[in-house]
Amino acid sequence: MRGPSAGGSANGSQESHKSRLRLVVIQALVFSLFATLFVRLYYMQVVGGDDYHAQAASQSVREIVVQPQRGLIVDDQGRPLVANRTSWVVSVDRTMLGKMSSGQRDKLVARLGEVVDERVALIKKRLVTCGETGSVPGVCWNGSPYQPVPVASDVRQKVALRILEQPEDFPAVVAEQQSVRAYPRPYGVNLAHVLGYLSPITEKELDQAGKDGDQSVNGASSVGRAGVEKEYDRWLRGMPGYKSVTVDSMGRVLGDDSEVVGQPGDTLVTSIDAKVQGVVERQLAQTIKTARHTYDAVTHRNYRADSGAVVVMEAKTGRLVAMASQPTYDPSVWVGGISKKQLARLYSEKAGTPLLGRATQGQFAPGSTWKPIMAVGALNNGMTPQTRLDCSSGFQVGNRWFKNYESASYGYIGFDRALQLSCDTFFYRVGYHFWQKFGTDPTDVNAKDPLVQQAKSFGFGRETGLDLPGEASGRIADRKWKLAYWKAMRGYYCKIDSRRNGQNDFLHVFAHEFCLEGNYYRAGDAVNYAIGQGDTIVTPLQLARAYAALSNGGTLWKPRVAKAIVGPDGTVLQRFAPEAAGRVDASKASLRYVDQALLGTPKVGTLAWKFIDFPLDKVHIRGKTGSAEVYGKQSTSWVATYDKNYVVVMMVSQAGTGSGTSGPAVRKIWESLYGIHGMDVRPKDSAIPGTTPPARLPTFMKDGSILPPARED
């Protein structure tokens with residue numbers, strides 16, 4: 001009986017031993033596992049803890065761009081022309097928005113659109129990143145994906161406060177104050193075409209800035225698009241700052257982590273004087289208004305007076321004191337984004353294309369204001385002050401009778417009386433003389449033409465070098481231009497001629513002649529050119545610079561708006577000195593003769609009836625009037641005047657004669673420049689203290705105030 005019992009006991013002992021062995025192995029494995037975990041935990045928390053903490057923190061920190069405050073633009077006395085103001089801007093955090101369901105997003109956007117009075121479809125378009133499918137250029141978001149996207153600007157304060165006070169109704173929506181452009185309008189000035197405007201940076205511009213290493217712009221930047229805002233954008237824009245903020249798992253901002261402070265933009269000091277600018281703008285607007293209520297005996301309807309411009313320039317430096325154009329626009333329409341309707345109006349021909357600055361971009365036939373340039377050219381090429389030509393009632397060229405427009409018949413007179421009386425037939429004979437002498441072959445494009453060369457030496461036919469973008473070059477309609485134009489348009493007019501079918505109206509007769517001989521430079525072209533008619537066109541700025549050269553003895557200055565750049569601390573960073581573009585190729589005697597002849601225009605010439613009782617013995621104004629005829633339109637009114645200090649040029653398109661329409665306004669501008677009351681000249685009442693522009697700059701105080709420049713004794 002003991003035999004089986006002893007064997008069973010042995011087997012049990014073996015099983016028990018195996019069980020203990022397995023337990024030891026398991027315990028060893030568990031111990032090893034815990035040891036490994038402990039070592040790994042020690043490494044992560046102690047040895048590599050700092051690295052992992054930094055990585056975790058970086059995932060909860062977002063970088064936000066802080067846009068700098070843009071620099072001021074001030075006039076010569078320190079008056080702000082463009083400043084900054086605070087605007088409530090509503091933005092949407094797309095990170096938080098993306099964590100909502102589509103239904104929640106739609107409800108939020110609809111609720112937001114109702115509160116800020118904005119179309120839901122437009123808000124959705126603004127939330128799309130530029131370059132993504134469905135993005136709309138000019139509307140899409142071009143900034144950082146972590147930056148809240150602005151969807152409404154200039155919202156009312158109570159709307160912004162409602163959003164801030166009810167975060168549960170507006171999750172992912174941020175309302176904050178931002179700096180935007182403001183227009184203080186000293187003396188009511190508009191100055192839109194000089195100042196320009198801002199709009200968001202494009203993706204292409206941003207890419208180029210990255211290639212150039214330009215850190216002053218980012219995806220949320222606005223940049224200058226016109227005027228001095230564009231020309232001096234790199235100074236005005238400043239340097240953005242960057243703020244790192246800590247966010248939670250839902251993307252909500254918990255607090256600031258760090259910040260790199262930005263740098264505000266620099267101040268641009270201009271040569272514009274706001275007081276003179278205000279006078280100029282009011283006079284231009286009033287002149288246009290009066291012309292539109294004046295009957296035109298030629299067309300038997302009131303003048304259209306569809307556009308106009310005035311330029312007031314320093315004769316000795318080329319600096320611009322005032323410059324106005326009509327039609328104009330309110331530059332504030334660009335603040336916060338411009339609507340399609342507003343943008344369409346700025347480009348609308350029906351509205352007069354308000355975005356086009358007529359002073360620098362408008363091109364018009366100069367009419368009789370061209371005659372002083374022709375007189376200088378004639379006097380430098382064989383004619384003399386003793387030359388006498390017939391100021392008859394008309395002048396026959398071939399089968400065409402060219403009549404006097406502004407003057408009656410005065411018999412044989414010299415250049416001085418011809419300028420003062422604006423005698424067309426006198427200058428017809430000048431133009432015909434040089435055509436006969438050098439260019440009777442109508443096909444010779446290289447024929448000498450002293451009058452054309454003289455106009456070129458006065459800077460016509462090319463840009464003046466103005467420090468504003470988009471300047472027009474004008475056109476001198478010489479032989480080479482006519483040949484080039486004929487080649488470009490021959491096919492068009494020959495096609496009209498081929499369909500003539502015996503029609504003898506003006507268009508078909510012109511098309512026939514142009515198709516056959518449109519490249520011929522005939523005597524009629526030469527005589528028309530000599531009085532500023534035909535295809536020659538100039539800008540008001542070009543004409544003002546040419547008259548400044550008559551005033552200063554022949555120097556052509558590059559017109560300038562900027563005088564200096566001043567840093568935020570008041571330090572003058574850069575001055576812009578007057579820069580000469582060249583000299584007129586003419587004798588001093590010819591320039592002096594024409595200058596003296598033009599003294600008589602306000603006294604005994606075509607401008608005299610508008611300058612009765614003006615103290616011409618104290619303020620020695622020279623002048624020339626012009627009435628340019630354009631086929632199918634009413635006459636363009638011109639008055640160009642100057643003295644030793646200033647040039648004042650006014651142009652109003654389709655408004656009648658020069659002196660009749662523009663004369664009164666030009667006189668009032670001169671009265672403001674010198675403080676004239678009746679026959680008295682009162683310097684203390686002048687628009688610019690001391691009657692001449694200040695040589696010094698305004699003083700920028702540490703408290704932010706700006707003092708006018710001190711006058712030199």
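1. Throughout this note, buried means under 20% relative accessible area, exposed means over 50%, and partly exposed lies in between, with a 1.4 Å probe and protein chains only. The model is predicted, so that local features need pLDDT of at least 70 and side-chain atom pairs count only at pLDDT 80 or more, while totals for chains, interfaces and linings use all residues. Residues are numbered from 1 along each chain as its sequence is written, and side-chain values use heavy atoms, with hydrogens and water left out.

2. A search of the whole structure finds three disulfides, a disulfide being a pair of cysteine sulfur atoms within 2.5 Å. When the bonded cysteines are numbered in sequence order, they pair as 1-2, 3-4, 5-6.

3. Cys494 and Cys515 are joined with an S to S distance of 1.9 Å, and the link is right-handed, with 100° about the S-S bond. Cys494 lies in helix 18 (residues 479-498) and Cys515 in helix 19 (residues 506-517), so this pair ties together parts that are 21 residues apart in sequence; helices (H or I, at least four residues) and strands (E, at least two) are DSSP runs, numbered from the N terminus. Cys494 and Cys515 are both buried.

4. In the disulfide of Cys391 and Cys423 the sulfur atoms are 2.1 Å apart, and the torsion about the S-S bond is about 115°, so the link is right-handed. Because Cys391 lies in strand 15 (residues 389-391) and Cys423 in the loop between helix 15 (415-421) and helix 16 (424-438), the pair ties together parts that are 32 residues apart in sequence. Both cysteines, Cys391 and Cys423, are buried.

5. Cys130 and Cys140 form a disulfide with their sulfur atoms 2.0 Å apart, and its torsion of about 100° makes it right-handed. Cys130 is buried at a relative accessible area of 17%, and Cys140 counts as buried at 13%.

6. Turning to the cores, a nonpolar core is a set of buried Ala, Val, Leu, Ile, Met, Phe, Trp, Tyr and Cys residues joined through side-chain atoms within 4.5 Å. The largest has 91 residues, of which Phe415, Phe427, Val430, Phe458 and Phe460 touch the most other members. Helix 21 (residues 540-552) gives the most to this core, with eight residues.

7. Which residues is Phe415 in contact with, leaving aside its neighbours within four places in sequence? Among them are Ala375, Leu379, Met383, Phe427, Val430 and Tyr593, where contact means heavy atoms within 4.5 Å.
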